[in-house]
Each structure stands twice: as structure tokens, then as C-alpha cells.
Amino acid sequence: MKELESFDISQMQEYISELEGRYKQFKDLGLKLDMSRGKPCPEQLDLSAGILDFPLSTDTCKASDGTDCRNYGGIDGLPEMKAIFAEMLEVSTKEVIIGGNSSLNMMHDAVARAMLLGVCGGKTPWSKLPKVKFLCPVPGYDRHFGICQLMNIEMINVDMTEDGPDMDAVEELVSKDKAIKGIWCVPKYSNPDGITFCDEVVDRLAKMETKADDFRIFWDNAYIVHHLEDEGDKLKNLLEACKEAGNPDRAFIFASTSKISFPGAGVAAMAASEDNINFIRKQLSKQTIGPDKINQLRHTAYFKSLDDIKQHMKKHSAIIKPKFDAVLDILEKELGGRDIAWWNKPRGGYFISLNTLDGCAGEVYDMAGKAGVTLTNVGDTFPYGKDPRDRNIRIAPTYPSLEDLKSAIEILCICIKLVSAKRKLQAAGAQGIEIA
């Protein structure tokens with residue numbers, strides 16, 4: 001097939017007619033294919049069924065330190081749960097707080113506490129300041145942006161590069177504006193680009209000069225063990241880098257078992273300097289008497305060590321890697337070499353980020369929806385739901401079956417080609433003008 005740029009008007013019209021025929025065939029099937037969220041599929045959830053077999057009795061409800069997990073207490077988590085997360089995050093057990101099932105909940109509360117009460121070493125609660133701003137690497141995670149919007153925090157876009165956020169832009173911004181109090185980061189297999197921050201980016205984030213003396217890095221390490229390849233990406237330890245740079249309190253690190261065990265009944269953790277942890281623990285004592293310790297026991301009975309988790313995650317990879325491979329194969333077959341779409345090839349995580357020609361993503365989204373394919377809302381990967389170039393589409397391959405996924409991606413590719421061809425036809429103007 002000729003490249004789009006070489007078609008004349010009549011060839012382009014014929015090409016569009018062919019695509020419209022393929023689109024109609026799919027539309028007539030009445031499909032309902034959901035790729036809107038990065039959820040584990042049922043087969044992945046089944047991998048952790050053994051957690052539910054934890055025997056509940058007077059004896060089994062005792063933690064390693066003798067804590068009766070049926071009762072109140074244990075505000076910051078059981079020792080055995082702390083030990084697993086400490087090893088995973090490469091911190092000490094004194095630098096970890098265990099929460100409920102959601103790291104997003106812990107991130108929300110960390111921002112809320114900073115707004116209401118300030119942070120360790122800070123002079124003023126953020127809500128008492130004229131304005132609070134966060135840097136948001138884009139494309140990024142919509143729920144991070146939602147927290148900022150809820151709390152009236154102004155968001156500033158920073159472009160992602162292949163190594164992480166554009167650090168020249170980050171350093172310039174934080175050095176001049178004391179209202180910038182934080183930056184959101186998904187540092188490993190980022191959502192949605194699948195990028196792992198390089199060592200230089202981690203070091204620059206740790207040591208950069210900030211106008212605000214209470215600046216925090218919100219380090220959402222959601223995909224820390226979520227590799228698609230046998231040898232996953234390596235990520236430099238942010239907390240150690242911050243200590244070495246003389247900014248030990250800068251890092252707030254989050255992780256969970258949400259996509260390891262059960263998203264609705266996992267265990268979350270926050271890591272930070274001991275001073276941060278002690279400061280936060282005092283605040284938590286007014287909020288809760290402790291998270292679900294029995295659920296922590298279930299998890300530590302099933303996952304006795306980080307090695308157990310790593311072996312478990314290989315089973316996850318065996319289920320979802322064929323789905324990622326199928327998406328990438330179809331994208332290459334349908335869109336490769338046409339200069340109408342570009343995508344990443346992640347080595348882990350839960351998403352594939354695809355960019356269309358500028359101004360086309362919204363129309364592609366609408367067309368795909370009419371053919372039964374539900375995608376993440378266009379714009380959700382940017383603050384305020386506004387993609388300034390209207391081009392980014394987040395693909396979430398994990399939840400659908402392999403066959404449904406193949407159909408969904410084929411429909412998506414047809415929509416991209418149709419929208420792109422019609423745009424080029426419109427740009428050509430009149431009959432007989434070659435499209436370039």
C-alpha cells in the first residue's frame with residue numbers, strides 16, 4: 001500500500017471508502033470492549049486466591065511481635081509487612097508506614113495533611129499560602145491531577161522525555177517560584193508512557209535548588225515490580241539520593257500490592273525519612289487507630305518475602321505480556337511507517353501511550369466509542385482534562401481478553417487511519433492536488 005503522503009485525491013477517497021467499510025463491519029457487530037482503566041484481569045486476580053485461605057484463629061491472628069491483630073493498635077503497620085515493603089522500596093523499616101488497601105488514598109492524605117498542617121520542617125500549612133502549585137509531568141496519571149484539582153492546587157505541565165521529566169524545565173520552575181510545593185512522579189514504567197527515570201533525573205530531582213524550602217517529591221512507585229521482561233528496568237533509590245544531596249525530607253514514596261494481589265483488598269505503604277515518618281505518625285494518631293492488620297497478616301502469610309512477590313509477578317507477566325505484544329504487533333502492522341501515529345514499547349507497567357497527529361485524538365476517541373471500544377477519556381492524561389495538542393491516547397491492555405483486545409486495537413487503528421486520511425484530504429483542498 002502506498003504511503004498516505006503519496007496519494008492523490010482519488011486514491012485518498014478510495015482509501016477512505018475502504019476504511020469506512022471495515023469500520024462499519026465492526027460497528028455492526030455491536031461490540032462492548034473496555035480499555036478505559038488499567039485493571040488486572042480475572043486470571044490475574046485468581047493468582048492470589050490463596051490469600052483468602054488464611055486460617056483465622058486466636059493463634060494465627062498474632063503478629064511476629066505478639067500484637068493481637070483482632071484488636072486496636074498498630075497505627076503504622078505490622079513488623080513483617082514493614083519488612084517486605086522496606087526491602088521492596090530499599091529503605092529501612094523505620095522509614096515505612098503501612099496503610100490500607102490504596103496508595104492513592106495515602107497520597108491524597110499526604111497532600112491533605114500538607115495543606116491543613118504543613119510538612120515536617122515547614123513553617124506554614126500550604127492552605128494558608130496565597131497559592132500552591134504542583135509540577136505535573138505529562139502525559140501523566142489522571143488521579144494525581146484529580147487530587148490537585150480537589151484541593152485547588154494549580155498544576156503546571158512539564159513534558160516527559162525518554163529519560164523522565166524535562167529536568168531543565170523542572171529546575172528552572174522550582175528555582176524561581178516558592179509557590180511550587182511538589183511534583184508528581186510515576187518513576188518506573190510511568191503512567192502512561194512506560195518510561196523509567198534514568199539515574200541522572202533521579203539525582204537532579206534530589207539535589208535541585210528549590211525556592212520553596214518545604215518542597216516534596218510525590219514518588220508514586222506503583223509499578224516497582226511489574227515487569228514484562230525477565231530483567232526489569234532499574235530505578236535509582238530516590239530517598240538515598242535525597243539524603244546524599246542534603247535534602248533527606250524531600251521524598252514521599254508510595255507503593256502498594258494493588259496490582260500484585262487484589263486492588264480492592266491489598267496493602268499500601270508510604271516511605272520517607274525518619275523525621276517525616278515520625279511527624280506523620282503523630283498526625284495519623286488523630287485520624288485512625290490503625291489499618292486492617294488481619295489483611296496485612298493474610299498478605300505476609302502468602303508473601304513471606306520480596307522473593308515470593310517477584311516469583312508471583314512472573315505469573316502476572318505470563319498472563320499480560322502476550323496482550324502487550326499483541327497490541328504492539330497490531331499497531332506496527334496497521335500504523336507502522338505511516339507517520340500518523342507514534343507509540344511507546346514499555347518493558348513493564350500497565351499502559352501503552354499512543355500519540356496521533358495533532359488535533360485527532362478526540363475524534364478518534366468518539367469514533368472508537370461508536371464502534372463499541374471504550375478508551376480512557378482523551379485529555380485525562382493531562383491536568384484539567386486538556387491535552388493541548390489533542391493527540392494522546394492511553395491504551396490499557398490488561399483487562400480485556402486477548403481476542404477482545406485484538407478487536408479493540410484493530411478498531412482503534414482503523415479510526416486513526418480514517419481520521420488522519422480525512423484530515424489530509426481536507427488539507428488538500430481541491431481535486432487533483434497531491435496530499436503532502
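This briefing covers the pocket, cavities, strands and salt bridges of one predicted model. Local features in the model need pLDDT of at least 70, side-chain atom pairs count only at pLDDT 80 or more, and totals for chains, interfaces and linings use all residues. Residues are numbered from 1 along each chain as its sequence is written, and side-chain values use heavy atoms, with hydrogens and water left out. Helices (H or I, at least four residues) and strands (E, at least two) are DSSP runs numbered from the N terminus.

**Largest pocket**

- Rolling a probe the size of a water molecule over the atoms shows where empty space is left.
- On a 1 Å grid over the protein atoms alone, a pocket is an open set of points with protein on both sides within 12 Å along at least five of seven lines, while a cavity is a set of points where a 1.4 Å probe fits but cannot get out.
- Grid points are joined across faces, edges and corners, and a volume is the space filled by probe spheres set on the points.
- The largest pocket has a volume of about 670 Å³.
- Its lining (residues with an atom within 4 Å of a point) holds 28 residues, and Lys-188, Ile-224, Val-225, His-227 and Lys-310 lie nearest the centre.
- Helix 3 (79-89) and helix 11 (306-335) are the elements that give two or more residues to this lining, and helix 11 supplies the largest share, six residues.
- The pocket lies between domain 1 (9-44 + 310-431) and domain 2 (62-304), because both give residues to its lining; the domain bounds come from an automatic or database domain assignment.
- By class, the lining of the largest pocket has eleven nonpolar, six polar and eleven charged residues. Here Ala, Val, Leu, Ile, Met, Phe, Trp, Tyr, Cys and Pro count as nonpolar, Asp, Glu, Lys and Arg as charged, and the others, Gly among them, as polar.

**Cavities**

- The whole structure has five cavities of 30 Å³ or more.
- The largest cavity holds about 100 Å³ of space.
- Of the 14 residues that line the largest cavity, Pro-137, Gly-140, Trp-184, Val-186 and Asn-191 lie nearest its centre.
- Strand 3, helix 5 and strand 6 (180-185) each give at least two residues to that lining, which has ten nonpolar, four polar and no charged residues.
- The second largest cavity has a volume of about 60 Å³, and its lining residues include Arg-113, Cys-120, Phe-252 and Gln-283.
- Helix 4 (103-117) and helix 9 (274-284) are the elements that give two or more residues to the lining of the second largest cavity. The largest share, four residues, comes from helix 9.

**Strands and sheet**

- Two strands pair if DSSP finds at least two bridges between them.
- Eight strands form an open sheet in the order 2-9-8-7-6-3-4-5, with mixed pairing.
- Strand 2 (96-98) and strand 5 (164-165) stand at the edges with a single partner strand each, so one side of each has no neighbour in the sheet.
- Strand 3 (residues 133-138) and strand 4 (residues 154-161) pair in the parallel sense over six bridges, with Phe-134 opposite Met-155 in strand 4.
- Strand 11 (residues 352-356) is largely enclosed by the rest of the structure, because five of its five residues are buried. Buried means under 20% relative accessible area, exposed means over 50%, and partly exposed is in between (1.4 Å probe, protein chains only).
- Ile-352, Leu-354 and Thr-356 point one way from strand 11, while Ser-353 and Asn-355 point the other way.
- Strand 11 runs antiparallel to strand 10 (residues 341-343), joined by three bridges, and antiparallel to strand 13, joined by four bridges.
- Trp-343 stands opposite Leu-354 in strand 11, and Asn-355 stands opposite Asn-392 in strand 13.

**Salt bridges**

- A salt bridge is a side-chain nitrogen of Lys or Arg within 4 Å of a carboxyl oxygen of Asp or Glu, and the count comes to 26.
- Asp-68 and Arg-70 form a salt bridge at 2.8 Å, N to O; Arg-70 is partly exposed, with a relative accessible area of 49%.
- Asp-142 and Arg-394 form another, with the closest N and O atoms 4.0 Å apart. This pair links helix 5 (residues 142-150) to strand 13 (residues 392-395), its residues being 252 residues apart.
- Asp-142 is buried at 17% relative accessibility, and Arg-394 is buried at 2%.
- Glu-334 meets Lys-417 with the closest N and O atoms 2.6 Å apart. Glu-334 in helix 11 and Lys-417 in helix 13 (residues 402-428) are 83 residues apart, and both are buried.
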